[in-house]
Amino acid sequence: MKTLIAANWKMHKTRAEARKTAEAVVAGLPGNGRSLIVFPPFTAIADVAEVFAAREGLAVGGQDVYPAEKGAFTGEISPAMLRDAGATWVLTGHSERRHVLGESDAFVGRKTAFALSSGLNVMLCVGETLEEREAGQLEAVLRRQLREGLADVAAETAAAHVAVAYEPVWAIGTGKVAGCAEVLEAHALARRLLRDVVGAVADEIPLLYGGSVKPDNAASLLALDNVNGLLIGGASLEAESFLRIAEAG
Ligand code: PGA
C-alpha cells in the first residue's frame, strides 16, 4: 500500500503564502514513492493545484464539504466547486468539525457518501476525546464513527477512494503525541472495526495517524503495523518540516 503523507493547513495561509509553501514542497519532493496531499483553506486550493500541476504523487484537497450539489447553504462549498478548484480529495469528520462546529456522525456520513459519489477521494477522520478514552470508550467511539461515517459507502468504493485518519482528539495541536504502543493498539482496533464495516477490503484502506506528528517522531510512527501514513497539522505549515516528515523512516 502506498504511504500517504497529508498536510492539513487548517485556517492558515493567504493565497500568496500557500503558493510559496507549495512551491517549496515541489522543489524538495523526496521521490520515495510516497503520495503527498495538501489540504489548504478553500481560497488557496486553486493556487496550490496550479503549483502542483497534476504532478505524480502530489494532490490537493478541501478541508470540508457540504453534502449537496448546490443551493441555499450560505458559507458552504460543494464537491463540484472543490473539483473545479483542482481538489481531488476532501477531509470529512475532522475533530475540529466534530467538536468545535458540532458535526454529528450522521452528518459526517452524509458528507462522506456525497463527496465519494461526486468523484472525490475522502479522508475520513476519527478519534476519541480524552474523556472518552479514560472512560474506556475508545472501541465504542471508533466503531460508531466508522460505521456511521461509511454507512452509505459500498465496500469497493471505500477500498478505492477512502483513507481513514485516526486522530486522538487529545493529541491534536497539543504537542502530546500518542505513544507508539497506543497508536499500534488503536490502529489494530481501527483495522478490525473497518473489517466489520466494509469486509475484507478494509485491508486495502490506508490508515493514517494524526496528532502532533513532528519530523522527530514521524519515522517511529510510520514503522508501526497498520500505520499507512500521517496527517499533519502544525508541522505541515513549513515546507521544510513537512518534507522532513515525508522523508522520514
Ligand atoms: P496537529 O494537527 O498535527 O497540529 O496536531 C493534526 C490535525 O488536526 O489533523
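Me: Which residues come nearest the ligand?
Reply: K10, H94, E167, G173 and S212 come nearest, out of 13 residues around the ligand. Here a residue is near a molecule if one of its heavy atoms lies within 4 Å of it. This is a predicted model, where local features need pLDDT of at least 70, side-chain atom pairs count only at pLDDT 80 or more, and totals for chains, interfaces and linings use all residues. Residues are numbered from 1 along each chain as its sequence is written, and side-chain values use heavy atoms, with hydrogens and water left out.

Me: How does the shell around the ligand divide?
Reply: Four nonpolar, seven polar and two charged residues. Ala, Val, Leu, Ile, Met, Phe, Trp, Tyr, Cys and Pro count as nonpolar; Asp, Glu, Lys and Arg are charged; the others, Gly among them, are polar.

Me: What lies 2.7 Å from an oxygen atom of the ligand?
Reply: A polar side-chain atom of H94. A polar contact is a pair of N or O atoms within 3.5 Å; within protein, one must be able to donate a hydrogen and the other to accept it, and residues adjacent in sequence count only if both atoms are side-chain atoms.

Me: And which backbone atoms lie 2.8 Å from a ligand oxygen?
Reply: S212 has a backbone N or O atom at 2.8 Å from an oxygen atom of the ligand. For G233, a backbone N or O atom also lies 2.8 Å from a ligand oxygen.

Me: How much of the ligand's accessible area does the protein cover?
Reply: 97% of the 280 Å² that the ligand has on its own. Accessible areas come from the Shrake-Rupley method with a 1.4 Å probe; for residues, only the protein chains shown count as cover.

Me: Which pocket is the ligand's space?
Reply: The second largest pocket. A molecule sits in a cavity or pocket if more than half of its atoms lie within 2 Å of its grid points. On a 1 Å grid over the protein atoms alone, a pocket is an open set with protein on both sides within 12 Å along at least five of seven lines, while a cavity is a set of points where a 1.4 Å probe fits but cannot get out; lining residues have an atom within 4 Å of a point.

Me: What is that pocket's volume, and what lines it?
Reply: The second largest pocket has about 210 Å³. Of its 20 lining residues, K10, I172, G173, G233 and G234 are closest to its centre. Volume means the space filled by probe spheres set on the grid points, which are joined across faces, edges and corners.

Me: How about the largest pocket, what lines it?
Reply: It has 17 lining residues, with F42, Q63, D64, R97 and L101 nearest its centre. About 420 Å³ of space lies in it. The lining has eight nonpolar, four polar and five charged residues.

Me: New topic. How many cavities of 30 Å³ or more?
Reply: One. The lining includes H94, C125 and E167.

Me: Where is K13?
Reply: In the loop between strand 1 (4–8) and helix 1 (15–27). Helices (H or I, at least four residues) and strands (E, at least two) are DSSP runs, numbered from the N terminus. Phi of K13 is near 85°, a positive value in a residue other than glycine.
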